[in-house]
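Please examine the sequence and the model shown below. The paragraphs that follow explain some of its helices and the surroundings of selected residues.

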Amino acid sequence: MAKPKKMPMGIVVLSLLATFAGIVTLVWGARLLGWLVFGAPEIGDGTALAGIVSIVSGAILLAAAGALAAYRPWALLLTQIVAIVGVLNAVFTIFATGTLASGIGQLILPGLVLWYTNREDVAQAFGLVRD
């Protein structure tokens, strides 16, 4: 019988964070589409499009969370792509706000995710590096 792989703790944390973010994003999308109404509904000005984008984003996050927990190599790549987008967003925030503090604050989490997902032990856990 094959010995089960031990999942790195950081992958467990990333999977749980992606699950939480996916659920929150799905609820937000449902709210923007008017499926869930808390107070006065928001209508017009592209809220339906934003709701659809949120629903799709939430579904992708939930799929990525499940794939991370199942050691799917594409989930690791998707996590890295999302982290790169987060780093770019932080750089744009620095230029848009003119404050370094805002950009650095937004850079911390995606930077940590990029660093962690590029470690050799994480790549081995996903079968991307031979032992």
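A polar contact is a pair of N or O atoms within 3.5 Å; within protein, one must be able to donate a hydrogen and the other to accept it, and residues adjacent in sequence count only if both atoms are side-chain atoms. The model is predicted, with local features requiring pLDDT of at least 70 and side-chain atom pairs pLDDT 80 or more, while totals for chains, interfaces and linings use all residues. Residues are numbered from 1 along each chain as its sequence is written, and side-chain values use heavy atoms, leaving out hydrogens and water.

Threonine 117 belongs to helix α4, residues 100–117 (helices are DSSP runs of H or I with at least four residues, numbered from the N terminus). A polar atom of its side chain lies 2.8 Å from the backbone oxygen of valine 113. Threonine 117 counts as buried because its relative accessibility is 2%, where buried means under 20% relative accessible area, with a 1.4 Å probe and protein chains only. Setting aside residues up to four places away in sequence, threonine 117 touches Leu14, Leu76, Thr79, Gln80 and Val122; contact means heavy atoms within 4.5 Å.

Helix α3 spans residues 73–97. Its buried residues include Leu76, Thr79 and Gln80. The cover over the buried residues of α3 includes α1, α2, α4 and α5. Just after α3, glycine 98 takes a positive phi of about 80 degrees.

Serine 54 lies in helix α2. Serine 54 counts as buried because its relative accessibility is 13%.

How values were computed: Helix = DSSP H or I, 4+ residues; strand = E, 2+ residues; numbered from the N terminus. Buried < 20%, exposed > 50% of the residue type's maximum accessible area, 1.4 Å probe, protein only. Expected span 1.5 Å × (residues − 1).
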